[in-house]
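Student: Before we discuss this structure, could you put it on the screen, so that each term can be set against its definition?
Tutor: Here it is.
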Amino acid sequence: MTAKEYIESGILELYVYGTLNEAENKDIVAAIAEYPEVKAEVEKIEKTLKALAEHTAPPVSKNVWNTINANLFSAKVRTLQPSWTTYIGWAASVLLLVGLFWMFNQNSSLQNELVEIQNENQELLERIISTEESLAETESLLNLLRDKDIKAINLPGHAPVAPEAFAKVFYNQTTQTVHLDARGLPEPPEGMVYQVWSLKMDPLTPTSIGLLDDFAIVDNKVFVLQNIPESEGFGITLEPAGGSETPTLEQLYTLGVI
Amino acid sequence: MQPDNLIELLQKKDQKAFAKIYEMYSESAYGIIYNIVLDSDLAEEVLQDVFIKIWEKADTYSTAKGRFFTWILNIARNAAIDKVRSKSFKNSKRNLDADNFVNILEDSNNLNLKIDTIGLKSFVKKLEPLCIKVIDLLYFKGFTQVEASEQLDIPLGTIKTRNRNCLKALRANMGE
């Protein structure tokens, strides 16, 4: 077809309408490339049709462009923003998790420390109590020594059984009480016990005033003996467990006279 | 007369080029849509979708397929026809008084119609009634020649030339 034939046929209008089939369309595309007149005609048709469409509708509101813009471009910004905040969010959650874990660890180690410190406190408290007890004991002993009614009697070691041994008796005749300091005595052998005797001199009469059964377990080795008859001296012998009726003189450890 | 530079930039996702393309083609696309949908709010909805599609599918256009105007025309026409067939459209009120571009131009209720700077109204008034129908079906409604010949009950062979002569008359009136 010549350029004129294309133009006269009316197919160019349909080409611009977009209602041709694919083969026809290809043919016109080729004709446009070949004939400048065909191209010019197509452009004229398009101009007319464009003007016709533009003038057969109300004006387009500005909102349309704004909406398109918002949908296409601020939508992109919006999809970027979440990804930014998402990263921050994840980072914050990880930090929080690490923080919580750290605090949990801190908490349990503090609790362990607290338990340890509570135990130490308990120990210290017990020590204070026992110290106070032993202080009270010591004070009561001191008071005893200061008592004007007290008589202090040295019981030196009696050769040959125990030349090194010694004891001390604090005798209160008014209260009929004896405090015996037996620190100078050796530990009694297994199955044996120290027996304390009150002595009257003319004639020599020993009276048993007590067994030092708990010699091993009393730390300060101070023993209190009561209901002491009037005495002129004191002696300590080693006797079989349970004590004896009369002192075994071969085993006389210490002896002292007022 | 086709803005090939702009089209190329658009295909490279240039937003400024897109804005210019919108400026150049939105009114004509809207005219096509409005002629099918006959409701300005719905037509604007369709126009939005059409230009979003133009942005997203710009790379599928090539000069080998035809005019860029025709490409937009097809997108607009198809979107408008889809809208008309949709349930939401069928349930909505339509302007039943106007059903072609001449009626739209003459619709006295259409106070919003833009100022007719080129005096188009007087030109189209001079068109023969059959011309109006042919242009309406082929151009605005996208009918094929076969469909138009059946609809208008005129021989298939005469459609093309009749249409050309009608457009020529319009072009002559517009000073071409």
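Student: Of the contacts in chain B with a separation of 6 or more, what share do residues 24 or more positions apart account for?
Tutor: That share is 59%, where contact means heavy atoms within 4.5 Å. Keep in mind that this is a predicted model, in which local features need pLDDT of at least 70 and side-chain atom pairs count only at pLDDT 80 or more, whereas totals for chains, interfaces and linings use all residues. Residues are numbered from 1 along each chain as its sequence is written, chains are lettered from A in the order in which they are written, and side-chain values use heavy atoms, with hydrogens and water left out.

Student: Which elements make up chain B?
Tutor: Chain B has 10 helices and zero strands, where helices (H or I, at least four residues) and strands (E, at least two) are DSSP runs numbered from the N terminus. Of its 176 residues, 48% count as buried, a word that means under 20% relative accessible area, while exposed means over 50% and partly exposed lies in between (1.4 Å probe, protein chains only).

Student: What makes Arg171(B) and Glu41(A) a salt bridge?
Tutor: The definition asks for a side-chain nitrogen of Lys or Arg within 4 Å of a carboxyl oxygen of Asp or Glu, and the closest N and O atoms of this pair are 2.9 Å apart, so the pair qualifies. The pair crosses between chains, from helix H10 (residues 156–173) of chain B to helix H4 (residues 36–54) of chain A, and both residues are buried.

Student: Which other pair links the two chains, and how many salt bridges does the rule find across the interface?
Tutor: Glu46(A) forms one with Arg67(B), with the closest N and O atoms 2.6 Å apart, and the rule finds five across the interface of chain B and chain A. In the interface, 63 residues of chain B are in contact with 43 residues of chain A. The two chains bury about 4800 Å² between them, 65% of it on carbon and sulfur atoms, buried area being the accessible area (1.4 Å probe) that two parts lose on being put together, summed over both. In chain B, Arg67(B), Arg164(B) and Arg171(B) lose the most area to chain A, together 14% of what that side buries.

Student: Why is Lys148(A) called exposed, but Asp149(A) partly exposed?
Tutor: Lys148(A) has 75% relative accessibility, which is over 50%, and therefore counts as exposed. Asp149(A), at 30%, falls between 20% and 50%, so it counts as partly exposed. These two residues also form a salt bridge, their closest N and O atoms being 3.9 Å apart.

Student: What makes strands S1 and S6 of chain A edge strands?
Tutor: Four strands form an open antiparallel sheet in the order S1-S2-S3-S6 (chain A). Strand S1 (150–156) and strand S6 (222–226) each pair on one side only, and they are the edge strands.

Notes:
Pairing = 2+ DSSP bridges.
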